[in-house]
Amino acid sequence: MFDNNLSRRTLVTGAMTTATIAVAPASAQVASRHQSRVVPPAPTKDGKTTLDPDRALRLLEDGNAAFLRSEILNPDISPQRRLELARYQAPFVAYVSCSDSRVPPELLFGRGLGELFIVRNAGNTVDTVAKGSIEFAVAVLGVPLIVVMGHEACGAVKAAMDVVSKNARFPGAIGTMVEPIIPAVLEARGITGDATEAAIRQNVRRTVRNLREDSDPLLMKPLAEGKLMIVGAYYELGTGRVDFFDRS
């Protein structure tokens with residue numbers, strides 16, 4: 001006997017399959033129109049980037065603009081590229097970022113393997129280990145640009161604000177971790193606008209200033225020669241926009 005229920009299920013399933021087949025090619029065409037191949041900057045003979053500070057920053061700005069357009073950027077992750085990077089690396093920026101899972105630098109700028117030398121920890125602070133990593137990137141790998149990026153709704157900065165305003169205490173090493181952020185929170189008091197954003201940006205400014213003014217000659221010399229730039233940045237979680245500031 002003919003099963004009406006089965007018949008209806010078959011018709012619905014078939015219709016959905018047909019619709020999927022009909023829609024898929026159009027979706028693929030839309031995606032293909034928004035895809036761009038990302039070519040890593042060619043290195044010099046000694047395996048360092050050929051970019052100067054301004055061009056390096058422009059690559060990041062252009063990449064974030066593509067991210068905001070939802071353009072699909074395709075960095076080279078081929079076996080050939082991986083074998084090439086097994087021999088050397090030539091990143092064009094040392095990127096100091098928060099360890100927050102919502103802040104992936106490569107995705108924000110559409111860059112690929114071997115291009116960003118990333119230092120990440122909560123609150124994007126720079127301790128001895130982070131500073132040594134940055135100095136290595138500049139002195140050994142030849143990066144022309146350092147970016148220190150904070151982000152909207154940073155939990156580490158909010159924790160430091162609670163220490164200041166509520167005398168909050170945190171378990172484990174969390175309290176010690178946010179201590180370096182407290183001076184920025186104090187400096188940000190009185191700044192108009194959103195208090196959390198003001199503290200986050202001030203935390204970035206303090207780190208940038210420290211790198212510019214209180215660093216080893218490994219950083220100070222290329223800075224004085226114009227071969228290195230250190231800038232701050234602020235990432236808006238909701239929009240995806242990266243605002244580069246404190247460029248002087």
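Author: A salt bridge requires a side-chain nitrogen of Lys or Arg within 4 Å of a carboxyl oxygen of Asp or Glu. The model is predicted, and it holds 15 salt bridges.

Reader: Why is the contact between Glu187 and Arg209 called a salt bridge?

Author: The N to O distance between the side chains of Glu187 and Arg209 is 3.8 Å. The cut-off is 4 Å, so the pair qualifies as a salt bridge. Glu187 belongs to helix α8 (residues 182–188) and Arg209 to helix α9 (residues 195–213), so the bridge ties together parts that are 22 residues apart in sequence.

Reader: What makes Glu187 and Arg209 partly exposed?

Author: Partly exposed covers the range between the buried limit, under 20%, and the exposed limit, over 50%. Glu187 has a relative accessible area of 34%, and Arg209 has a relative accessible area of 34%. Both values fall in between, so both residues are partly exposed.

Reader: How do you know that Arg201 forms a salt bridge with Glu197?

Author: The closest N and O atoms of Arg201 and Glu197 are 2.9 Å apart. That is within 4 Å, so the contact counts as a salt bridge. Arg201 and Glu197 both lie in helix α9, four residues apart, about one turn of the helix.

Reader: Which bridge links Arg201 to a strand?

Author: Arg201 also forms a salt bridge with Asp243, with 3.0 Å between the closest N and O atoms. Arg201 is in helix α9 and Asp243 in strand β7, so this pair ties together parts that are 42 residues apart in sequence. Glu197, Arg201, Glu236, Arg241 and Asp243 are linked in a network of salt bridges.

Reader: Why is Arg201 called buried, whereas Glu197 is called partly exposed?

Author: Arg201 has 14% relative accessibility, which is under 20%, so it counts as buried. Glu197 has 28%, which lies between 20% and 50%, so Glu197 is partly exposed. Asp243 is buried, as is Arg201.

Reader: What makes Arg201 lie over the face of Tyr234 and of Phe245?

Author: For Arg, the criterion asks for CZ within 6 Å of the ring centre and within 35 degrees of the ring normal. Arg201 is at 4.5 Å from the ring centre of Tyr234, and at 4.9 Å from that of Phe245.

Reader: How many aromatic pairs does the structure hold, and why is the pair of Tyr95 and Phe109 called tilted?

Author: There are three aromatic pairs. Tyr95 and Phe109 are 5.4 Å apart centre to centre, with 55° between the planes. Tyr95 lies in strand β3 (residues 93–97) and Phe109 in helix α4 (residues 105–109), so the pair ties together parts that are 14 residues apart in sequence. Ring pairs link Tyr95, Phe109 and Phe244 into a cluster.

Reader: Are Tyr95 and Phe109 buried or exposed?

Author: Tyr95 has a relative accessible area of 0%, and Phe109 has a relative accessible area of 0%. These values are under 20%, so both residues are buried.

Reader: What makes Phe117 and Phe136 a tilted pair?

Author: Phe117 and Phe136 are 6.2 Å apart centre to centre, with 35° between the planes. The distance is within 6.5 Å and the angle is between 30 and 60 degrees, so the pair is tilted. Phe117 in strand β4 (residues 116–120) and Phe136 in helix α5 (residues 128–139) are 19 residues apart. Phe117, at 17%, counts as buried because the limit is under 20%, whereas Phe136, at 38%, counts as partly exposed.

Reader: Why is Ser70 called exposed?

Author: Ser70 has 57% relative accessibility, which is over 50%, so it counts as exposed. Ser70 is in the loop between α2 (53–68) and β2 (72–75), and it has a positive phi of about 60° although it is not a glycine.

Terms used
Residues numbered from 1 in each chain as written. Predicted model: local features only at pLDDT ≥ 70, side-chain atom pairs only at ≥ 80, totals over all residues. Heavy atoms only, no water. Helix = DSSP H or I, 4+ residues; strand = E, 2+ residues; numbered from the N terminus. Buried < 20%, exposed > 50% of the residue type's maximum accessible area, 1.4 Å probe, protein only. Phe/Tyr/Trp six-rings, centres within 6.5 Å; stacked < 30°, edge-to-face > 60°.
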